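Keep the sequence and the 3D view open as you read.

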Amino acid sequence: MRVTVATLAEKKRKGEKITVLTAYDYLTAKLLDRAGVDAILVGDSLAMVALGYPSTVQVTMEEMIHHTKAVVRGRERALVIFDMPFLSYQTGERDAVLNAGRALKETGCDAVKVEGGKEMAGVIRAITEAGIPVIGHVGLQPQSVNLYGGYRLRGRTKEERVRILEDAKAVEEAGAVAVVLEKIPADLAKEITESLSIPTIGIGAGPFCDGQVLVFHDLVGLFTDFKPKFVKRYAELGREAEEAVKSFIKEVQEGKFPGEEHSY
Ligand code: KIV
Ligand code: NA
């Protein structure tokens, strides 16, 4: 049975953890779906992980749509979330609805995600009223990296803690079906999770969230440019793949590949 936004709400009610991972292509989506994740996020981390941009700010609607279409073709069961790229919703409610609607119509995704708290309440409400489920994203908001000048932990001061809690509440009140909490202290994430009726999905937000999200390429050790503390590497596929490629090079150079069994 397909996972829907109602499934996520039900999981929170039952106290069952929600699992979310990123994918940017057909093959990865199929792998995650088969493994049984609840939702696949086509994150704008696509920018850095798959396209080599310096931050998430550079990725476009066209690029996000292109990759999300591939992900949707690979899923059978999981919910697919389209991460709204920078400047596709910050310019106003009309732009936000048009771009979220484009994502839904052109890719077949199930929901969209937008970064921001109180200041995004209008946008979240407008997209929701158009019939498109929205997932919020508060705490560290990577699309605002240039404003903050880095990716430091959020919610360290009393003022910041209050603000993030208010942001999460505003996102819920605006109609969001879930909210991502990024890089905030575990006790703050716990407080937010207990205060909201919608599910919280944490990344670098401790164990008390209703669910967890990670970037797939981090989890399997394929993206190794940097490793935040909150990442757990469950495999070292990058290292293994590099060894495989080296073996191929060596065997070709030595005339060992292709062998008889690979030849016609
Ligand atoms: O873009 C992304 O991958 C994300 C998640 C890590 C939450 O926004
Ligand atoms: Na993102």
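Which residue in β3 is the bridge partner of Leu41? The partner of Leu41 is Ile81.

## Ground rules

This is a predicted model, in which local features need pLDDT of at least 70, side-chain atom pairs count only at pLDDT 80 or more, and totals for chains, interfaces and linings use all residues. Residues are numbered from 1 along each chain as its sequence is written, chains are lettered from A and ligands numbered from 1 in the order in which they are written, and side-chain values use heavy atoms, with hydrogens and water left out.

## β3 and its neighbours

Helices (H or I, at least four residues) and strands (E, at least two) are DSSP runs, numbered from the N terminus. Two strands pair if DSSP finds at least two bridges between them. On one side, β2 and β3 run parallel and are joined by 4 bridges. β3 also pairs with strand β4 (residues 111-113), again in the parallel sense, over 3 bridges. There, Lys113 in β4 is the residue opposite Asp83. To get from β3 to β4 the chain passes through helix α5 (residues 93-107), and this β-α-β crossover is right-handed (with the strands pointing away from the viewer, the path from the first strand over the helix to the second runs clockwise).

How many residues of β3 are buried? The count is 5 of 5, so β3 is largely enclosed by the rest of the structure. Here buried means under 20% relative accessible area, exposed means over 50%, and partly exposed is in between (1.4 Å probe, protein chains only). Leu79, Ile81 and Asp83 cover one side, Val80 and Phe82 the other, and all of them are buried.

## Around ligand 1

The residues around ligand 1 include both aspartates, Asp44 and Asp83, along with Ser45, Lys113 and His137 (a residue is near a molecule or strand if one of its heavy atoms lies within 4 Å of it). An N or O atom in the side chain of Asp44 is 3.0 Å from an oxygen atom of ligand 1. For Ser45, a polar side-chain atom lies 2.6 Å from an oxygen atom of the ligand. For Asp83, the distance from a side-chain N or O atom to a ligand oxygen is 3.2 Å. Ligand 1 taken alone exposes 260 Å², and the protein buries 93% of that (Shrake-Rupley method with a 1.4 Å probe; for residues, only the protein chains shown count as cover).

His137 is found in strand β5 (residues 134-139) and is buried, with a relative accessible area of 4%. Its side chain makes a polar contact of 2.8 Å with that of Glu182. A polar contact is a pair of N or O atoms within 3.5 Å; within protein, one must be able to donate a hydrogen and the other to accept it, and residues adjacent in sequence count only if both atoms are side-chain atoms.

## Strand β8

Strand β8 (residues 211-214) pairs with strand β1 (residues 18-22) in the parallel sense over 4 bridges, and Val20 stands opposite Val213. Strand β7 (residues 200-203) runs parallel to β8 as well, joined by 2 bridges. In that pairing, Gly202 is opposite Gln212.

## Backbone details to look at

Phe257 and Pro258 are joined by a cis peptide bond, with omega about 0 degrees. Pro258 lies in the segment after α11 (237-253).

Leu87, in the loop between β3 and α5, has a positive phi near 75 degrees, though the residue is not a glycine. Leu87 is exposed at 52% relative accessibility. Lys183, another residue other than glycine, has a positive phi near 45 degrees. Lys183 lies in the loop between β6 (178-182) and α9 (186-195) and is partly exposed at 23%.
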